[in-house]
Amino acid sequence: MSKVIAGITTSVDGYVAGPNDGPGKGLGEGGERLHYWVFGGPWTYDEEPTGEMLPDDKAWMDEALGRLGAVVGGRDTYEAADHWGDKNPWGIPFFIVTHRPEEEPPGGHFTFVAGVAEAIEQAKAAAGDKDVHVMGGADVIRQALAAGLVDELTIIVAPLTLGGGKHLFEGFERDIELEHLGVRQSKYATFVDYRVRRS
């Protein structure tokens, strides 16, 4: 059965990006460390990452990607990633939540959608019996959780503090109960999976 799974990497103090994130510094100042697990070790904005995931992390990622049929992301993330070079990095339908859907770029790599609920609805239709991944940023994940649209939540905790930047649950006021599904320890992160309980 298809599920909507939100997932994001955060620092121990709850930041998904350091200060001053944007094009050229997608994870903010010092935020590269959040994604050491993605590239198998240290990397910097000054050079294109060339490392590869460690075998355990790659096996986990390959399994997760095999279940995905569509992705939902936010406009801020899209801009901070410099549009991923105008190429869809996932290779499956990618829906971008934005207040300006009329600005959708040509080429069919991304679909701009005016709201989180509509984006997830379109993503579910595109995914068929596969899962939908809500990748963030933080605001998109908060909106999806607040609307009761998320079935599972994966928090990937990198072993660092950033002390500032974009906080995952900044201003989030809804009470949500989570059921622990499992935890996996990696060299560069701890992966914690939850089921979102319905009220």
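These legends describe close-up views of a predicted model. Residues are numbered from 1 along each chain as its sequence is written, and side-chain values use heavy atoms, without hydrogens or water. Local features need pLDDT of at least 70 and side-chain atom pairs count only at pLDDT 80 or more, while totals for chains, interfaces and linings use all residues.

**View 1. Trp84 and Phe110 form a stacked aromatic pair.** Aromatic pairs here are rings of Phe, Tyr and Trp (its six-membered ring) whose centres lie within 6.5 Å; planes under 30 degrees apart count as stacked, over 60 as edge-to-face and the rest as tilted. By this rule the count comes to 13 aromatic pairs. Helices (H or I, at least four residues) and strands (E, at least two) are DSSP runs, numbered from the N terminus. Trp84 is partly exposed, at 24% relative accessible area. Phe110 is buried, at 2%. Buried means under 20% relative accessible area, exposed over 50%, and partly exposed in between (1.4 Å probe, protein chains only).

**View 2. Five residues make one aromatic cluster.** Its members are Tyr78, Trp84, Phe94, Phe110 and Phe112.

View 3. The bridge links distant parts of the chain: Arg184 is in strand β9 (residues 178–185), Asp57 in helix α2 (residues 55–67), 127 residues apart. Asp57 is buried, at 0% relative accessibility. A salt bridge is a side-chain nitrogen of Lys or Arg within 4 Å of a carboxyl oxygen of Asp or Glu. The structure holds 15 salt bridges.

**View 4. Glu103 and Arg75 meet in a salt bridge.** The N to O distance is 2.7 Å. Glu103 lies in the loop between β4 and β5, and Arg75 in helix α3, 28 residues apart. Glu103 is partly exposed at 38% relative accessibility. Arg75 is buried at 12%.

**View 5. Asp76 and Lys166 form another salt bridge.** Their N to O distance is 4.0 Å. Asp76 belongs to helix α3 and Lys166 to strand β8 (residues 166–167), 90 residues apart. Asp76 is exposed, at 54% relative accessibility. Lys166 is partly exposed, at 34%. Elsewhere, salt bridges that share partners join Arg75, Glu79, Arg100 and Glu103 into one network.

**View 6. Arg142 is buried in helix α5.** The helix spans residues 138–146. Arg142 has 15% relative accessibility. Not counting residues up to four places away in sequence, Arg142 touches His167, Leu168, Phe169, Glu170 and Phe172. Contact means heavy atoms within 4.5 Å. The buried residues of α5 are Ala138, Val140, Ile141, Arg142, Ala144 and Leu145. Just after α5, Gly148 takes a positive phi of about 70 degrees.
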